[in-house]
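This report covers the fold, the aromatic pairs and the salt bridges of one protein model. The sequence and structure come first, followed by the description.

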Amino acid sequence: MFSGGEGRRDPGTISSSLLHQVQEDRADSWSRVVHIYAPLAYYWCLREGLQPADAEDVVQEAFRSVAARVRDFVRTGQNGSFRGWLRTIVRNKIGNFFRQNHRRVECERDFYEERAPGNLCCSLSPEGPERNGHSVETQLLYLQVLDLVRTEFEEPTWRAFWRVVADGVSPKHVADEMGISVNAVYLAKSRVLRRVRDEMNCHATVPDSR
């Protein structure tokens, strides 16, 4: 598991290296950010009452704002995060949508809850499944990161990781199942989790979120 530190670490914020690449407009960096965070922004839209087609439009508008302002994104320790900034932008775009349309549509609140294995959030998030209300949001982010890093690992490594973390199978059982040592299972789990952590755990704030 990741360490929760003093309880103030945001487990779903952008890594410093990826943020720097986006700010420098490096190849593929923007697509990685969108891949990781667009499903979360979409989830926020559904939670606020937008129907899927409207949510997609709002997410596009939100990421246009992110792209226009990301170079102003400034890290200030524990005072904020990219995730929090993005949420403010999405919230503002949702408000604009409702003001422009003068209506509120039915919310599809459970759209993403069925997507992820139940053990994944508990294993990846330092907050656990219920703490601070981050379970679904954090789960979505980690699933997107896992999708990005999946190809970086050989199949046995990934299978051992997934069986332990996502399926909740004991390392001993996985070792017997795969014909490898228990230590190899723990190593596989550690390697994948370390890679996910490297992609996700930094702090940041930004001046303008309109």
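Is E177 buried, partly exposed or exposed? With a relative accessible area of 32%, E177 is partly exposed, where buried means under 20% relative accessible area, exposed over 50% and partly exposed in between (1.4 Å probe, protein chains only).

## Basis of the description

The model is predicted: local features need pLDDT of at least 70, side-chain atom pairs count only at pLDDT 80 or more, and totals for chains, interfaces and linings use all residues. Residues are numbered from 1 along each chain as its sequence is written, and side-chain values use heavy atoms, with hydrogens and water left out.

## Overall fold

The protein has 9 helices and 0 strands, and from the N terminus its elements run α-α-α-α-α-α-α-α-α. Helices (H or I, at least four residues) and strands (E, at least two) are DSSP runs, numbered from the N terminus.

Of its 210 residues, 47% count as buried. The accessible surface of the protein is about 10,800 Å², and carbon and sulfur atoms account for 45% of that; areas come from the Shrake-Rupley method with a 1.4 Å probe, and for residues only the protein chains shown count as cover. Among contacts (heavy atoms within 4.5 Å) between residues at least 6 apart in sequence, 74% join residues at least 24 apart.

## Aromatic pairs

The whole structure holds 8 aromatic pairs. Rings of Phe, Tyr and Trp (its six-membered ring) pair if their centres lie within 6.5 Å; planes under 30 degrees apart count as stacked, over 60 as edge-to-face and the rest as tilted. W30 and F63 make an edge-to-face pair, with 6.0 Å centre to centre and 75 degrees between the planes. This pair links distant parts of the chain, since W30 is in helix α2 (residues 29-47) and F63 in helix α3 (residues 52-69), 33 residues apart. W30 is partly exposed at a relative accessible area of 30%, whereas F63 is buried at 7%.

The rings of W158 and W162 are stacked, because their centres are 6.0 Å apart and their planes lie at 20 degrees. Both residues belong to helix α7 (residues 155-165), 4 residues apart, or about one turn of the helix. W158 counts as buried at 9% relative accessibility, and W162 is partly exposed at 25%. Ring pairs join F153, W158, F161 and W162 into a cluster.

## Start of helix α2

S29 is in helix α2 and is buried, at 2% relative accessibility. Its side chain reaches the backbone oxygen of Q21 at 3.3 Å. Leaving aside residues up to four places away in sequence, S29 touches L18, Q21 and V22.

## Salt bridges

Side chains of opposite charge can pair when their charged atoms come close. The whole structure contains 9 salt bridges, each a side-chain nitrogen of Lys or Arg within 4 Å of a carboxyl oxygen of Asp or Glu. R163 bridges to D167 at 3.1 Å, N to O, and to E177, where the closest N and O atoms are 2.8 Å apart. R163 is partly exposed at 21% relative accessibility, as is D167 at 37%. A network of salt bridges links R159, R163, D167 and E177.

Within helix α8, K172 and D176 are 4 residues apart, about one helical turn, and their side chains meet in a salt bridge at 2.8 Å, N to O. D176 counts as exposed, at 52% relative accessibility.

Methods. A polar contact is a pair of N or O atoms within 3.5 Å; within protein, one must be able to donate a hydrogen and the other to accept it, and residues adjacent in sequence count only if both atoms are side-chain atoms.
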